[in-house]
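Me: I'm new to reading protein structures. Could you walk me through one stretch of chain and show me how to read it?

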Amino acid sequence: THHLPRGPRFDWELKPGRPHQFDWKSSCETWSIAFSPDGSWFAWSQGHCIVKLIPWLLEEQFIPKGFEAKNRSSKNETKGQGSPKEKMLDCGQIVWGVAFSPWPSPPSKKLWAHNHPQVPDVFCLVLAMGLNDGQIKIWEVQTGLLLLNLSGHQDVVRDLSFTPSGSLILVSTSRDKTLHIWYLNKHSKQIQVLLGHLQWVYCCSISPDCSMLCSVAEEKSVFLWSMRSHTLIRKLEGHQSSVVSCESSPNSALLVTASYDTNVIMWDPYTSKRMRSLHHTQVDSAMDDSNVHISSLRSVCFSPEGLYLATVADDRLLRIWALELKTPIAFAPVTNGLCCCTFFPHGGVIATEIRDGHVQFWTAPRVLSSLKHLRRKALQSFLTTYQVLALPIPKKMKESSHTGLFNFP
């Protein structure tokens, strides 16, 4: 077990099984992982064109049923009659991106009753998968039924994101240099194609208030789009290399972007102000200084309460950052290259995906938000930076009342 100072510790991992036969183009690399928004399921693109759905039952200190000890494969099914069962979803193509719909989603009957009349007219959770051939598959989680195939992209679908509002609007990014917006409640019709990127689009993030969409590509610029008009609002300039990951804070007041230039930048998306840069310096002095990409970033994500960030980089380190500090408060080494990281929606666990097909889980202390943070969070739920600036209150109060106006040293 690896221990982190004041931070998470490595507790257990998932190891992919090896099918006897699989397409030669497939591999055991894990490209995408996701928790469902309610924390009840975990999706793992474990390689070989397979996605495993694992019920996440909150017991035994957050270790879900179906998980075994470190360095051993997960069980095929969870035990217990009536309990959710693990599912193996065969997509026939390498899976690059996975995303759960919000919970609960609107009634699904009208969407797929024609092909699947057995699906009840109830609220349900769905999982979207972006594939190597440009297709998107939509699955119903509880039954494991394939509900829809979405066609439109001309190359790998790299990332997917549902709007947090529960309206079943899905955004997809692709190596074909476009973003597609799908409105699944309207007969799964593609409603908009966003053009502007000149290179592969790696990642997208929809703000929790559903007003803004961020997309990043094999380019230095960060694109911000309006989710209402589907038009480009602005570009954020500051990175010196390709931007590979982005995420909005839980209160929509901050945006973080991670780049191959080894930097994470925190932005106020409403003013385009660059709030802080976090530089990934070399931790181990024995590592080769000549490799300029040793700390190239792969992924960045917010903790559920919005007080911390997690990042993974090519130096095989998981780092935890406090927003107001320029250096990590904790880090941990892993044994292989890292692709992605994500927090459990209720806190206490971080999942990291490894290029050899493993997923590692880290137990982290739960965070108690300060009254100052809770005040900011309440204010940001209905006011933007510009609206706060326009309030007839003292300047110091404005600065202490809005995360977008951090008094960073």
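Predicted model: local features only at pLDDT ≥ 70, side-chain atom pairs only at ≥ 80, totals over all residues.

Me: Where do the side chains of strand 24 point?

Reply: In a regular strand the side chains alternate between the two faces of the sheet. Here, L317, R319 and W321 point one way from strand 24, while L318, I320 and A322 point the other way.

Me: Which strands pair with strand 24, and in what sense?

Reply: Strand 23 (residues 308–313) pairs with strand 24 in the antiparallel sense, over 5 bridges. In this pairing, L309 stands opposite W321. Strand 25 (residues 330–333) also pairs with strand 24 in the antiparallel sense, over 4 bridges, and there A330 is the bridge partner of I320.

Me: How many residues lie between strand 23 and strand 24?

Reply: The two strands form a hairpin with 3 residues between them, and R316 in the turn has a positive phi of about 65°.

Me: What about charged side chains? How many salt bridges does the structure hold?

Reply: Side chains of opposite charge can pair when their charged atoms come close. This structure holds 2 salt bridges. In one, R298 joins D314, with the closest N and O atoms 2.8 Å apart. That pair links distant parts of the chain: R298 is in strand 22, and D314 is in the loop between strand 23 and strand 24, 16 residues apart. D315 and R319 also form a salt bridge, at 2.7 Å from N to O.

Me: Is D315 buried or exposed, and what about R319?

Reply: Buried means under 20% relative accessible area. D315 has 6%, so D315 counts as buried, and R319, with 2%, is buried too. R298, by contrast, is partly exposed at 26%, and D314 is partly exposed at 23%.

Key: Residues numbered from 1 in each chain as written. Heavy atoms only, no water. Buried < 20%, exposed > 50% of the residue type's maximum accessible area, 1.4 Å probe, protein only. Pairing = 2+ DSSP bridges. Salt bridge = Lys/Arg side-chain N within 4 Å of Asp/Glu carboxyl O.
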